[in-house]
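Biologist: Before I use the labels on this structure, I would like to hear what stands behind each of them. Please take them in turn.

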Amino acid sequence: MTKKYKDQDPQETQEWIESIEDALEEHGYERTRFLLETLIDYAQSKGARLPFNTSTPFTNTILPGQDSEYPGDRDIERKIKSIIRWNAMAMVTRANKNTPGIGGHISTYASAATIYEVAFNHFLKGPEHPSGQDMVFFQGHASPGMYARAFLEGRLSRDNLNNFRRELAEGGGLSSYPHPYLMPDFWQFATVSMGLGPLMAIYQARFMRYMIDRGFMEDTGRKVFAFLGDGEMDEPESKGALTLASRENLDNLVFVVNCNLQRLDGPVRGNSKIIQELEAAFRGAGWNVIKNIWGSDWDELFENDINGVLLDRVEEVVDGDLLKYVVEGGAYMREHFFGKDPELSNLVADISDEELEKMKAGGHDPVKMYSAYKEAINHKGSPTVILARTVKGYGLGEAGEGRNITHNQKKLNENQLIYFRDRFNVPISDDDATRATFQIFDEKSKEYQYLIKQRKKLGGPLPSRINKPSPIQVPKVSIFEELLNGTGDRKASTTMSFVRLLSILTKDKTIGKHIVPIVPDEARTFGMDPLFRQLGIYSHSGQLYDPVDSDQFLYYKEEKNGQILEEGINEAGAISSFIAAGMSYSNHGIHMVPFYIYYSMFGFQRVWDLIWAAGDMRARGFLLGGTAGRTTLNGEGLQHQDGHSHLAAAATPNIKAYDLAYAYEIAIVVQRGMVEMIEENKDVVYYLTLENENYNHPKQPDGIESDVIRGLYKVRGTKKPKIRLLGSGPLMREALAAAKLLKDDWGIEPGIWNVTSFSELRRDAEETERWNLIHPEEDPRRSHLEKCLSKNEVPTVAVSDYVKMVSEQIGPYVPGPYYCLGTDGFGRSDTREELRSFFEIDRYYIVLMSIKALTIAGEIERDLVEKAMKKYKLDPDKPSPIKV
Ligand SMILES: Cc1ncc(C[n+]2csc(CCOP(=O)(O)OP(=O)(O)O)c2C)c(N)n1
Ligand SMILES: [Mg+2]
């Protein structure tokens, strides 16, 4: 921190410093810290208004004398690291020579190699470790380094490496980034959408605690590590949950930020210091911060810096300058960094320019990294972040070391390859170097033996994704008998029906404990508050206060083994908890079934990227878009009324989306979902939209279960109907009302169908059509849609509370003319009836559209359209809902 106050009494200052020195010598760090904090508190209480200081000097947190002894063989480790560096670079270079434009990254791993190698050799626990596997979020753009290491371990073949980013090539290739969906035995976490990794890592650590606190597993000291970029920390998601991590005392969490001071275009903070900024943010949020800025070569300089000139100089230098020194070299650094002050110049008088140039940043020094990790994993009470300074493109020289273009460097030319080989003493010929051949250690070599031995000690290789959950039994659908029987005279909404289902499910002896209800401060909106008492709200520290409603039966009950995750107003965090719970079958070997219920408008629209990541990571569970529908949720207006989440869901491959009308449909779909996830081990997420309109729910008709799952079942049929109505979700009831009007007012009796899922119908029809196309010789298959609607080419009118494209997605497969009514456009605040009229989806518009369709089909006279408009008082001058 630069001092703004001019010292007016240096002698007095010196006396204070000496007192501190005495305290340090006699009583050590803890007592000194206590004394200083007491003094600060005292000064504050006297009105000194001391500014809150979140950053420490721009030096290493662990002082030279405090470094741990290095337990590894540094010589062998360096050789292994050099070959990994080489292979990682060669993989990207070869890929781009063979297939120009295929992409990949050299510079990220080049900067992070030491950070990773020290962790792999000494810290990260693999799947066979007695304490269990650590969870590791690898920086997405550093993936070539992970592949290169796995190649040396014999886990990947030369062909695999040659097919980097060519997954469809013969023999199989390697995915560009960490994608568990694409490499399910290898990658655990998807990290390449920047910002999601750090957020999800926090929630994984938190969920690990939840599992321990609820008695599912022991605390064996497993950790969550997240390797991140300093540019990545710009993302709001990266820092958004930092206080949750400290509030929950997540000392099972370690962030490692590779501070190469650069992102894609240039410096992260050219005009200031990213490390100091991050330190302030993390310390302010209550994290333990370990800065590793300077390598061991700098130790002596700092020790010789009696008057603090070096300390002052590192304080004032900005990242832009530090980057320039890397590019310009030793002489430039001597002139521009040390040359500022004669005393500073003197400090380096005996050091040559070449030596100056070689002085490492802390993140390239194994001893410094080792000490940082060691402190991090032993730290108690709060999460730790290691801020390690490195050089982007380290070792690339002219090809991009520290240069602004470095991120986009995709291949090295012959001279650059030779330079790289020499820089890291890679023992290969010029010919092998210029051809960028992959190098491997002989199995008998010291290097190979060491590599394997170190990993064996730590429980086997990483990255590794394990998929061995203990089986549990899913209850039969009959446990939801109450829902299957309908509500009789009682009116209920689908949201209420779902909450009832959840209550029944959580009481089930086998699966009940495994259910994880998640809410972002919305439980009362959905009528879930009775579950507070039944299940308890999870809180690591229990309930330290007497809740205001403690005299009531259904009070706000927080407890250490509480089951509900009440995440606060935090959809991004809540979906991260969903992901953590939904991956438990793999990460902890225990099936957990998350039910994340939220305002549906703040679901896909707000956190779709996290939902996409959940799919990539093969998470399983239920998403429940509460109070959905653009007109069913009336009154709330344009920001709350969801009319399009089903479009997003349809485009998300692992999501099975349902818009349900009746309680029995919910019971059938949820039970089937659990069977798929738990008994059939399928990586699916079910998305259900739930509404708040109250009506009577009928008893489940016999034999419709599999049709409900497939997306369509018949409600009522007549022989040879002239028109069909497809209703969906709460609009099913408008379709039924329209059918009655058609019959009573116009003598037309339509066939009526209930669509539970347009997207499931579409997928099945598309898949069937594709199969038929490429199997011309075989008997054609029939999709569920085709089987239901047969070849009857009468007009079909569909209605849903979603934009028309939701129902239109089955258009190509519906026989005969197909008309869709939906809720396109921004909504309004008004009553349900007004909104349905405004969007032109109510019973009268369904009738109008049906009559129009029948006139086009030549079944009835044209003037009936106008008659219908008059009869139902439909205003031709009414504003269009889709016009903005
Ligand atoms: C959400 C998101 N936005 C943009 C990108 C594109 N992108 C990939 S890497 C990168 C720069 C990364 O910089 P940094 O985090 O500092 O990592 P480094 O490579 O420097 O270690 C960018 C912008 C992305 N992957 N994700
Ligand atoms: Mg960076």
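Modeller: By the rule used here, a side-chain nitrogen of Lys or Arg within 4 Å of a carboxyl oxygen of Asp or Glu, the count comes to 46 salt bridges. This is a predicted model, in which local features need pLDDT of at least 70 and side-chain atom pairs count only at pLDDT 80 or more, while totals for chains, interfaces and linings use all residues. Residues are numbered from 1 along each chain as its sequence is written, chains are lettered from A and ligands numbered from 1 in the order in which they are written, and side-chain values use heavy atoms, with hydrogens and water left out.

Biologist: Why are Arg620 and Asp683 called a salt bridge?

Modeller: The closest N and O atoms of Arg620 and Asp683 are 2.8 Å apart, and the limit is 4 Å, so the pair counts. Arg620 is in the loop between α25 and β12 (621-626), and Asp683 is in the loop between α27 (663-679) and β14 (685-689). Helices (H or I, at least four residues) and strands (E, at least two) are DSSP runs, numbered from the N terminus.

Biologist: What makes Arg620 buried or exposed?

Modeller: Buried means under 20% relative accessible area, exposed over 50%, and partly exposed in between, with a 1.4 Å probe and protein chains only. Arg620 has 3% relative accessibility, so Arg620 counts as buried.

Biologist: How do you know that Glu153 and Arg155 meet in a salt bridge?

Modeller: Their N to O distance is 3.8 Å, which is within the cut-off, so the pair qualifies. Glu153, at 10%, is buried, whereas Arg155, at 27%, is partly exposed.

Biologist: Which residues are linked in a network of salt bridges?

Modeller: Lys656, Arg672, Glu676, Glu680 and Lys682 are linked in this way. One of the pairs is Lys682 with Glu676, at 4.0 Å, N to O. Glu676 is buried, with a relative accessible area of 2%, and Lys682 is partly exposed, at 38%.

Biologist: Why is the protein chain called as compact as a globular protein of its length?

Modeller: First, its content: there are 35 helices and 20 strands in the protein chain. The radius of gyration is 32 Å, close to the 29 Å that the globule rule gives for 884 residues, so the chain is as compact as a globular protein of that length. That radius is taken over C-alpha atoms, and the rule is 2.2 Å times the number of residues to the power 0.38. Along its principal axes the C-alpha trace spans about 105 × 75 × 55 Å. Buried residues make up 59% of the 884 residues.

Biologist: What is the peptide bond between Leu462 and Pro463, cis or trans?

Modeller: The bond that joins Leu462 and Pro463 is cis, with omega about -5°. Pro463 is in the loop between α19 (446-457) and α20 (481-484).
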